[in-house]
Amino acid sequence: MLLAVMGLTGCQEKIIQNEFHTETLDLFVESSDWEFDMETLQFFYHFDIPEITTRIYDNGNWTICREFGKGTKNAYQVALPMSTFETDTLVDKSVVYYTQYVDYRISVGYVEIQLTNSDYMYTTDKKGDLVPPDDMYFRLQLMW
């Protein structure tokens, strides 16, 4: 009988399913859609992404890139977070330098893109209203 039990355990096979899934989502923020958070002093845009399930959030992986030159032969992507060095000319014609930092938050069901300028250097129009950032393209790549 002991041999029979040993024989049964020797025949057991552990089946591991290694299914690999990917999905890429193109995300676009129009300049007019950026919102400004007065508490954090940053622009943001919230995307509802139902594809980010609890399973993906808990066990998957993701990258978000900003895409430049979308749809052209010169298109390229930069992984977030990213920093760019910017200049702005003030009313008195003096030039100021600042860093623009683009990052993100991700959770089940959403991605939020955040844009912060160093020293909170944001351009305003003649009325004193904040000028939103430019249109921006992003690519969200999910792997699970």
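In which pattern do α and β elements follow one another when the protein is read along the sequence?

**Figure 1. Overall view of the predicted model.** Read along the sequence, the protein follows the pattern α-β-β-β-α-β-β-β-β-β-β. The protein has 144 residues, of which 28% count as buried. Among contacts between residues at least 6 apart in sequence, 59% join residues at least 24 apart.

**Figure 2. The hairpin of strand 6 and strand 7.** Strand 6 (residues 82-89) and strand 7 (residues 95-107) run antiparallel and are joined by 8 bridges. One of the positions shown is Glu 86, whose bridge partner in strand 7 is Tyr 98. The hairpin has 5 residues between the strands, and Lys 93 takes a positive phi near 75 degrees. In a regular strand, side chains alternate between the two faces of the sheet.

**Figure 3. The hairpin of strand 7 and strand 8.** Strand 7 also pairs with strand 8 (residues 110-117), again in an antiparallel arrangement with 8 bridges. Here Ser 107 has Tyr 110 as its bridge partner in strand 8. The hairpin has 2 residues between its strands, and Gly 109 in the turn has a positive phi of about 85 degrees. A salt bridge is formed by the side chains of Glu 112 and Arg 105, with an N to O distance of 3.7 Å. Glu 112 is buried at a relative accessible area of 13%, whereas Arg 105 is partly exposed at 41%.

**Figure 4. A salt-bridge network of Asp 26, Glu 67, Lys 70 and Arg 139.** The whole structure contains 4 salt bridges. One of them joins the side chains of Arg 139 and Asp 26, at 3.3 Å from N to O. Because Arg 139 lies in strand 9 (residues 136-143) and Asp 26 in strand 1 (residues 22-29), this pair ties together parts that are 113 residues apart in sequence. Asp 26 is partly exposed, with a relative accessible area of 47%. Another salt bridge links Lys 70 and Glu 67 through their side chains, at 3.7 Å from N to O. Within that pair, Lys 70 is partly exposed at 33% relative accessibility, while Glu 67 is buried at 11%. Salt bridges that share partners join these four residues, Asp 26, Glu 67, Lys 70 and Arg 139, into one network. Side chains of opposite charge can pair when their charged atoms come close.

**Figure 5. Aromatic pairs, including Tyr 57 with Trp 62.** The count of aromatic pairs comes to 7. The rings of Tyr 57 and Trp 62 are stacked, because their planes lie at 10 degrees, with centres 6.0 Å apart, and planes under 30 degrees apart count as stacked. Tyr 57 is partly exposed, with a relative accessible area of 35%, whereas Trp 62 counts as buried at 19%. Phe 68 and Tyr 76 form a further stacked pair, with 5.0 Å from centre to centre and 15 degrees between the planes. Tyr 76 is partly exposed, with a relative accessible area of 45%.

**Figure 6. The aromatic cluster of Phe 36, Phe 43 and Tyr 122.** Phe 36, Phe 43 and Tyr 122 together form one aromatic cluster. A pair of aromatic rings is described by the distance of the centres and the angle of the planes.

How values were computed. Residues are numbered from 1 along each chain as its sequence is written. This is a predicted model: local features need pLDDT of at least 70, side-chain atom pairs count only at pLDDT 80 or more; totals for chains, interfaces and linings use all residues. Side-chain values use heavy atoms; hydrogens and water are left out. Two strands pair if DSSP finds at least two bridges between them. Helices (H or I, at least four residues) and strands (E, at least two) are DSSP runs, numbered from the N terminus. Buried means under 20% relative accessible area, exposed over 50%, partly exposed in between (1.4 Å probe, protein chains only). Contact means heavy atoms within 4.5 Å. Rings of Phe, Tyr and Trp (its six-membered ring) pair if their centres lie within 6.5 Å; planes under 30 degrees apart count as stacked, over 60 as edge-to-face and the rest as tilted.
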